[in-house]
Amino acid sequence: MSVRIAIAGASGRMGRMLIEAVLQSPDCQLSGALDRPGSLLLGQDAGGFLGRESGVRVTDDLRAGLQGAQVLIDFTRPEGTLAHLALCEELGVAMVIGTTGFEPEQKARIAAGAQKIGIMMAPNMSVGVNVVLKLLDMAARALNEGYDIEIVEAHHRHKVDAPSGTALKMGEVVAQALGRDLKSCAVYGREGVTGERDPSTIGFATVRGGDIIGDHTVLFAGTGERIEISHKSSSRATYAQGSLRAARFLARSGPGLYDMDDVLGLSAKRA
Ligand SMILES: NC(=O)C1=CN([C@@H]2O[C@H](COP(=O)(O)OP(=O)(O)OC[C@H]3O[C@@H](n4cnc5c(N)ncnc54)[C@H](OP(=O)(O)O)[C@@H]3O)[C@@H](O)[C@H]2O)C=CC1
Ligand SMILES: O=C(O)C1=N[C@H](C(=O)O)C[C@H](O)C1
């Protein structure tokens with residue numbers, strides 16, 4: 001049985017990549033494609049931009065677009081994701097949430113929704129980034145004294161949130177490994193006479209430009225050496241493939257809030 005998947009933000013960079021990935025996956029079926037009112041794609045075949053017929057028309061009627069779906073994959077904006085969540089709860093449709101930039105109260109709303117439906121939320125669906133998170137945990141524990149930690153990320157000119165959700169997640173992993181609270185030790189950019197670096201801080205730097213898909217580096221700068229742990233995406237296909245793995249996982253799971261560790265079998269909860 002194939003997994004019936006609806007895609008939100010069908011005209012977006014990730015939306016298009018996801019439609020292509022679903023249409024190419026023999027065990028997945030495109031059941032719906034959602035976009036905002038005013039989108040030029042409304043009424044068109046969702047596979048049209050690939051030159052192929054999917055039999056699914058892009059719609060701004062959320063209820064119609066979710067008809068028959070088991071899983072909605074949502075890479076939009078926080079306000080869009082929350083609107084979709086309300087209807088998915090009502091219809092019993094699971095969600096893969098890739099959107100970033102949520103405020104804490106919006107994350108709490110998603111956690112509440114996961115009591116009714118399965119939700120897999122991760123700021124980065126690439127398998128590589130989720131392995132890097134494990135390496136960071138190990139590195140931070142081993143380099144817990146005498147190393148200054150800085151996180152540098154670079155993305156395309158269209159990205160609207162900063163630092164990236166992935167950079168923030170990397171910061172959380174490192175802070176947790178060191179027994180620090182990211183909220184109180186994060187420094188988001190520096191300017192002017194800043195004084196010497198406080199060793200207990202975790203710094204963030206953001207680069208935006210051109211068509212950079214997504215680069216992340218965590219720097220551990222010590223005395224006489226520095227360690228850099230980097231991940232560079234060269235195609236959004238990696239996020240789409242990770243999202244499909246998450247959709248397959250949700251199709252066989254019950255309500256709950258899951259992350260990529262659960263999908264990839266890396267969760268400590270499972271050990
Ligand atoms: N977790 C991961 O692995 C990844 C996460 N992301 C995240 O995914 C999100 C989308 O990225 P990207 O595809 O590059 O963005 P795009 O701007 O290219 O696409 C966003 C899509 O969502 C639609 N949209 C915007 N606002 C709303 C809304 N309020 N309600 C419904 N739909 C809306 C847009 O419609 P319109 O064009 O009309 O504005 C568009 O179709 C970002 O938060 C990004 O950080 C991206 C890549 C990987
Ligand atoms: O907006 C993007 O493009 C990306 N966003 C995610 C993030 O904020 O971490 C993931 C990836 O880096 C691409």
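With how many C-beta neighbours inside 10 Å does His155 count as buried? The number is 25 C-beta neighbours, and His155 therefore counts as buried, a residue being called buried if 20 or more other C-beta atoms lie within 10 Å of its own, exposed if 12 or fewer, and partly exposed in between, with C-beta atoms placed from the backbone. The views below show a predicted model, in which local features need pLDDT of at least 70 and side-chain atom pairs count only at pLDDT 80 or more, while totals for chains, interfaces and linings use all residues. Residues are numbered from 1 along each chain as its sequence is written, and chains are lettered from A and ligands numbered from 1 in the order in which they are written.

View 1. An unreviewed UniProt entry places the feature "active site" at His155 and Lys159; UniProt positions are given in the numbering used here, feature names are shortened, and annotations may be inferred rather than shown by experiment. His155 is found in strand β7, whereas Lys159 lies in the loop between β7 and α6; helices (H or I, at least four residues) and strands (E, at least two) are DSSP runs, numbered from the N terminus. Leaving aside neighbours within four places in sequence, His155 is in contact with Ser164, Arg208, Ile212 and Gly214, contact here meaning that the C-beta atoms of two residues, placed from the backbone, lie within 7 Å. Lys159 counts as partly exposed, because it has 18 C-beta neighbours inside 10 Å. The loop between β7 (148-155) and α6 (165-177) is also the place of Pro163, which is joined to Ala162 by a cis peptide bond with omega about -15°.

View 2. Seven strands form an open sheet in the order β3-β2-β1-β4-β5-β6-β12, with parallel pairing; two strands are said to pair if DSSP finds at least two bridges between them. At the edges stand β3 (58-59) and β12 (256-258), each with a single partner strand, so one side of each is left without a neighbour in the sheet. Strand β6 (residues 118-121) pairs with β12 in the parallel sense over 3 bridges, and Met120 stands opposite Tyr258 in β12.

**View 3. Strand β1 and its two partners.** Strand β1 (residues 3-8) is mostly covered, 5 of its 6 residues being buried. It is joined by 5 bridges to strand β2 (residues 28-34), the two running parallel, and Arg4 stands opposite Gln29 in β2. From β1 the chain crosses through helix α1 (residues 13-24) to β2, and this β-α-β crossover is right-handed, a term that applies if, with the strands pointing away from the viewer, the path from the first strand over the helix to the second runs clockwise. Strand β4 (residues 71-74) runs parallel to β1 and is joined to it by 4 bridges, with Leu72 as the bridge partner of Ala6.

**View 4. Helix α1 and its covering.** The end C-alpha atoms of α1 are 17 Å apart, which agrees with the 16 Å that its 12 residues should span at 1.5 Å a residue, the expected span being 1.5 Å times one less than the number of residues. In this helix Met14, Gly15, Met17, Leu18, Ile19, Ala21 and Val22 are buried, and what covers the buried residues of α1 includes β1, β2, β4 and α8.

View 5. Not counting residues up to four places away in sequence, Ile7 touches Gly15, Leu18, Ile19, Val22, Ala33, Leu34 and Ile73. Among the buried residues of α8 are Tyr239, Leu244, Phe249 and Leu250.
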